[in-house]
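Open your viewer and load the model. We will take a short walk through it, stop by stop.

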Amino acid sequence: MDHKNDQTTTTCARCGATREGLPLTWTCSVENGHRRYFCDDCARRHLRSIESRLDSSWW
């Protein structure tokens, strides 16, 4: 089975930015049992809220 063609797109849960694959520099948060990914810009902008473990709905 060839997995080279299995491309996924990751979407930022905050701003909607998209990237091919799973960007290594993006932040992943598990909220209510679901993984949510945040791009570099959104993660930087909301770093204190992320570190405080606030759900993204509070930012």
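How many salt bridges does a search of the whole structure find? It finds two. A salt bridge here is a side-chain nitrogen of Lys or Arg within 4 Å of a carboxyl oxygen of Asp or Glu. We will visit both.

Before you start, note that this is a predicted model: local features need pLDDT of at least 70, side-chain atom pairs count only at pLDDT 80 or more, and totals for chains, interfaces and linings use all residues. Residues are numbered from 1 along each chain as its sequence is written, and side-chain values use heavy atoms, with hydrogens and water left out.

**Stop 1: the whole chain**

Show the protein chain as a cartoon. Look for two helices and four strands. These are DSSP runs, numbered from the N terminus: helices are H or I with at least four residues, strands are E with at least two.

Of the 59 residues, 27% count as buried. Buried means under 20% relative accessible area, exposed means over 50%, and partly exposed lies in between (1.4 Å probe, protein chains only).

**Stop 2: the hairpin**

Select residues 27-31, strand E3, and residues 34-38, strand E4. The two strands run antiparallel, joined by five bridges. Strands pair if DSSP finds at least two bridges between them. E3 and E4 form a hairpin with two residues between them. Click on Asn-32 in the turn: its phi is positive, about 55°.

**Stop 3: Glu-31**

Which residue in E4 is the bridge partner of Glu-31? It is His-34. The side chain of Glu-31 also meets that of Arg-36 in a salt bridge, 3.8 Å from N to O. Glu-31 is buried, at 7% relative accessible area. Arg-36 is partly exposed, at 28%.

**Stop 4: helix H1**

Select residues 40-45, helix H1. Show Asp-41 and Arg-44. They form a salt bridge, with the closest N and O atoms 3.3 Å apart. Both lie in H1, three residues apart, about one turn of the helix. Arg-44 is exposed, at 59% relative accessibility. Asp-41 is partly exposed, at 47%.
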